Amino acid sequence: MTTMYTPDHEWINIEDHEAAVVGITHHAQEALGDVVFVELPEVGRTYKTGEVAGVVESVQAASDLYIPAGGTIIEVHE
């Protein structure tokens, strides 16, 4: 299994052993509703596991984005 999930509704895919891909679950997306703002992690910054790396804000709520595994951000999908 290459995709793992956190209790905070983030996921990490480690299929590519050079870099991991991180996102939020469909459940989290549905719970948030219409997203109005996203603060993405800073490219080049190194994060520790569990550190807040961004925020997703919707018309219903705001939610922190937690890094599921430590590492350096090499790219974000804007």
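## Report on strands and side chains

At 34% relative accessibility, Leu40 counts as partly exposed, because buried means under 20% relative accessible area, exposed over 50% and partly exposed in between, with a 1.4 Å probe and protein chains only. Leu40 lies in the loop between strand 4 (35-39) and strand 5 (46-47). Strands here are DSSP runs (E, at least two residues), numbered from the N terminus.

This is a predicted model, in which local features need pLDDT of at least 70 and side-chain atom pairs count only at pLDDT 80 or more, while totals for chains, interfaces and linings use all residues. Residues are numbered from 1 along each chain as its sequence is written, and side-chain values use heavy atoms, with hydrogens and water left out.

Together with Val35 and Val38, Leu40 forms a nonpolar patch on the surface, with about 210 Å² of accessible area in total. Such a patch is made of residues with over 30% relative accessible area and no salt bridge; nonpolar side chains (Val, Leu, Ile, Met, Phe, Trp, Tyr) are joined within 5 Å and like charges within 9 Å. Accessible areas come from the Shrake-Rupley method with a 1.4 Å probe, and for residues only the protein chains shown count as cover.

Strand 4 pairs with strand 6 in the antiparallel sense over four bridges; two strands pair if DSSP finds at least two bridges between them. Within this pairing, Val38 stands opposite Val56 in strand 6. Strand 6 (residues 52-58) is largely enclosed by the rest of the structure, because five of its seven residues are buried. Strand 6 is also joined to strand 7 (residues 62-66) by five bridges, and the two run antiparallel. They form a hairpin with three residues between them. Val52 has Tyr66 as its bridge partner in strand 7, and Val55 stands opposite Asp64 in strand 7.

**The salt bridge.** The structure holds one salt bridge, a term that denotes a side-chain nitrogen of Lys or Arg within 4 Å of a carboxyl oxygen of Asp or Glu. Arg45 forms it with Glu51, and the closest N and O atoms are 2.7 Å apart.

The table lists the relative accessibility of selected residues.

| Residue | Relative accessibility | Class |
|---|---|---|
| Arg45 | 34% | partly exposed |
| Glu51 | 25% | partly exposed |
| Gly23 | 15% | buried |

Three strands form an open sheet in the order 1-2-3, with antiparallel pairing. Its edge strands are strand 1 (3-5) and strand 3 (21-24), each of which pairs on one side only. Neighbouring strands of this sheet are turned by 20° against each other on average, direction ignored; axes are lines fitted to C-alpha atoms, and angles run from 0 to 180 degrees between N-to-C directions. Strand 1 pairs with strand 2 (residues 10-13) in the antiparallel sense over three bridges, and Met4 has Ile12 as its bridge partner in strand 2.

**Surroundings of Gly23.** Gly23 is found in strand 3. Leaving aside its neighbours within four places in sequence, Gly23 is in contact (heavy atoms within 4.5 Å) with His9, Glu10 and Trp11. The C-alpha atoms of Gly23 and Thr72, 49 residues apart along the chain, are separated by 15 Å.
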